[in-house]
Amino acid sequence: MRPASIAHRGWRTLVVLFVLAVVALGFVISLAVSIGEISIPVGTTAKAVANRVLGTGFELSRIHEGIIWDYRLSRALVAASAGAALALCGAVLQALLRNPLAEPYVLGISAGASTGAVAVMILGFGYGVLTLSAGAFVGAVAAFLLVSLLAAGSGGGTDRIILAGVAGSQLFNALTSYIVTTSANAEQARGVMFWLLGSLSGVRWPDVSLAAPVAIAGFLVCMLYARALDAFTFGTDAAAALGIPVAGIRIVLLALTALLTATMVSIVGSIGFVGLVIPHAARFVVGPGHGRLLPATAISGAIFMVVADIVSRVIIPQQVLPIGVVTALFGAPAFALILYKARRPA
């Protein structure tokens, strides 16, 4: 069989997988809207969306329509956006830093966001001006700037960036712990803990209008640099030899991952393992080429996060678990399995 025929068959398989993944994403979002303490048929969900979007006149229960439109659909869309964005950040950082353990929080952004949120929630910084999400975003940006300065001052290599991220994370985690232990009452401490573990309980349509466009824009920018990311996987010297402006692209992509992570963490809190596990799982399916890997990673991350949200709402009756707990419970064994499958013979 000729190589061109083999390549055509390979791309056709990828297109089929992509279509199936999009269908799967739509299916899990429908499930997320339908499943809960009050079960709602998928057909009712479709009619409620048609009434709002297309102006149709289907007769529906106001309670069902309110649950679908004002609570569950916005929650599912934010979950999908956050999952896609965090997974994308993981794929980009793993290529950019040439480290299979790199993920969105390696730059200390999550820790900074936590400190910002806690400062607003407990100390009242920016009260009346900054919301909890805005405080988290400010903290995330501050952490990114600090880590960038540390990395630049120590030479700016990939290993220095990771070490600066670890140092920044420890600093902001210590600040968060100090604020909680010295200034929070029991109720505030419980609220902070729930937020730090990730929560979609309070998201509404204004959050969708922020999370979805940021995730889509971030994906498009990443796709523009897909070929550059392929070059980065062979090292900065190889990338430079291929004519890639290494320093400029690294700054752009690090800033992009910081913006995506800060935005999502400011909305849903700290959620781990999505950016670590999903890119590795996607590589097993579509290979290492970023032209294929980035779309697969984004869709897989979106599906994973929506499924995790469903599990967080139904695993314990009458109680909602922090979504970060669910992602860790699934992500840690999955990552162990990936490591086992990828082991090299001695």
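Helix α12 (residues 274-286) packs against α13 at an angle of about 125°, and their axes lie 9 Å apart. Here axes are lines fitted to C-alpha atoms, for helices over the stretch in contact, and angles run from 0 to 180 degrees between N-to-C directions. The two helices α12 and α13 are therefore oblique to each other; angles under 35 degrees count as roughly parallel, over 145 as roughly antiparallel, 65 to 115 as roughly perpendicular, and the rest as oblique. The crossing of α12 and α13 is right-handed, a term used if the near helix is turned clockwise from the far one by less than a right angle.

On the α12 side the contact (heavy atoms within 4.5 Å) is made by Val274, Ile278, Pro279, Ala282, Arg283 and Val286. On the α13 side it is made by Arg292, Leu293, Ala296, Thr297, Ser300, Gly301, Phe304 and Met305. These residues divide into nine nonpolar, three polar and two charged. In this grouping Ala, Val, Leu, Ile, Met, Phe, Trp, Tyr, Cys and Pro are nonpolar, Asp, Glu, Lys and Arg are charged, and the others, Gly among them, are polar.

This is a predicted model, in which local features need pLDDT of at least 70 and side-chain atom pairs count only at pLDDT 80 or more, while totals for chains, interfaces and linings use all residues. Residues are numbered from 1 along each chain as its sequence is written, and side-chain values use heavy atoms, with hydrogens and water left out. Helices (H or I, at least four residues) are DSSP runs numbered from the N terminus.

Helix α13 has 25 residues and reaches 35 Å from its first C-alpha to its last, close to the 36 Å expected at 1.5 Å a residue; the expected span is 1.5 Å times one less than the number of residues. Of the 25 residues of α13, 19 are buried, so the helix is largely enclosed by the rest of the structure. Buried means under 20% relative accessible area and exposed over 50% (1.4 Å probe, protein chains only).

The loop between α13 (290-314) and α14 (323-341) holds glutamine 318. Most residues other than glycine have a negative phi. Glutamine 318, however, has a positive phi of about 65°, and at 70% relative accessibility it counts as exposed. Arginine 98, in the loop between α3 (62-96) and α4 (109-123), also is not a glycine and has a positive phi of about 50°. Arginine 98 is exposed, with a relative accessible area of 52%.

Glycine 235 lies in the loop between α9 (226-232) and α10 (236-241) and is buried, at 5% relative accessibility. The C-alpha atoms of glycine 235 and alanine 95 are separated by 9.0 Å, with the two residues 140 apart along the chain.
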